[in-house]
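Please look over the sequence and the model below before reading on. The report is written for use beside them.

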Amino acid sequence: MALATIPSGEVWVQIGTTQTPITGSSVSFTSIPAVKKLRLVVQNVSLTTAGSLDITINNDTSSIYNQTQINYNGTSTVVNGTLNAAIDTTRAAGASAHIQDFIIDYANQACPKLITGFGSNNGSNPANYGIVTNYNSTTVVNRVDFVTANTFNATNTGTIAIYGAY
């Protein structure tokens with residue numbers, strides 16, 4: 001089923017989904033078909049304790065990512081970065097990733113990948129953020145992992161989905 005046709009004429013097709021209860025500390029999408037772009041959507045997913053939800057590509061946790069993140073919590077703006085995950089978002093215990101929406105460009109090409117996105121968290125420390133990451137690998141994207149050092153809160157209802165544009 002197509003997600004949407006955007007002005008560029010791309011049609012997004014769902015290629016994987018996980019719905020709650022999500023348990024454990026990771027969700028993996030493997031054997032991803034060769035698509036021009038990938039769209040990662042996280043809705044209403046929370047962790048059992050405070051921590052981060054990271055996204056890695058091709059099971060790569062090396063320092064090959066260049067991420068810049070801008071957070072705004074209603075009071076102050078924070079700029080930070082990381083080198084070992086494509087996306088690294090921190091939230092309080094029980095706070096949901098209300099929505100996260102990330103695009104991976106050039107997913108099927110032998111060149112570095114550009115990842116852009118936004119998100120918002122709710123709970124005791126709500127925040128909105130924008131993220132730009134360069135994944136400095138020429139390997140085609142065939143796996144995406146959503147990983148936490150904690151565990152997913154299985155009592156929350158939510159979805160992690162992945163879409164592809166051909």
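## Nonpolar cores

This is a predicted model. Its largest nonpolar core holds 27 residues. Within that core, L38, L40, I104, V144, F146 and I160 touch the most other members. Seven strands are listed as supplying at least two residues each: β3 (26-29), β4 (37-46), β5 (51-57), β9 (96-105), β11 (127-135), β12 (144-147) and β13 (159-165). The largest share comes from β4, with 4 residues. In soluble globular proteins, nonpolar side chains tend to be buried together.

I160 shows what such a position looks like. Leaving out residues up to four places away in sequence, I160 touches T17, T18, I22, V27, F29, V41, V42, V45 and F146. A second core is separate and has 6 residues. Among them are W12, V41, A161 and Y163.

## Strands β5 and β12

β5 is mostly covered, with 7 of its 7 residues buried. It pairs with β12 in the antiparallel sense, over 4 bridges. In this pairing, T56 stands opposite D145 of β12.

D145 also takes part in a salt bridge. Its side chain meets that of R143 at 2.8 Å, N to O.

## Salt bridges around K37

The model has 4 salt bridges in total. K37 takes part in a bridge with E10, at 3.4 Å from N to O. K37 lies in strand β4 and E10 in the loop between β1 (2-5) and β2 (11-19), so this pair ties together parts that are 27 residues apart in sequence. E10 is buried, at 8% relative accessibility. K37 is partly exposed, with a relative accessible area of 21%.

K37 also forms a salt bridge with D105, where the closest N and O atoms are 3.5 Å apart. This pair links distant parts of the chain: K37 is in β4, D105 is in β9, and 68 residues separate them. D105 counts as buried, at 15% relative accessibility. With K36 included, the residues E10, K36, K37 and D105 are linked in a network of salt bridges.

A salt bridge needs the charged atoms within 4 Å. The side chain of D60 does make a polar contact with the side chain of S62, at 2.6 Å.

N58 sits in the loop between β5 and β6 as well. Its phi is positive, about 55 degrees, although N58 is not a glycine. Most residues other than glycine have a negative phi. N58 counts as buried, at 18% relative accessibility.

## Other loop positions

Y106 has a positive phi too, of about 60 degrees, and is not a glycine. Y106 lies in the loop between β9 and β10 (113-121). Y106 is partly exposed, with a relative accessible area of 41%.

T138 belongs to the loop between β11 and β12. T138 and P112 are 26 residues apart in sequence, but their C-alpha atoms are 5.2 Å apart. Setting aside neighbours within four places in sequence, T138 is in contact with Q109, A110, C111, P112 and K113.

Definitions and conventions: Residues numbered from 1 in each chain as written. Predicted model: local features only at pLDDT ≥ 70, side-chain atom pairs only at ≥ 80, totals over all residues. Heavy atoms only, no water. Core = buried A, V, L, I, M, F, W, Y, C linked by side-chain atoms within 4.5 Å. Buried < 20%, exposed > 50% of the residue type's maximum accessible area, 1.4 Å probe, protein only. Contact = heavy atoms within 4.5 Å. Pairing = 2+ DSSP bridges. Polar contact = N/O pair within 3.5 Å; in protein donor to acceptor, adjacent residues only side chain to side chain.
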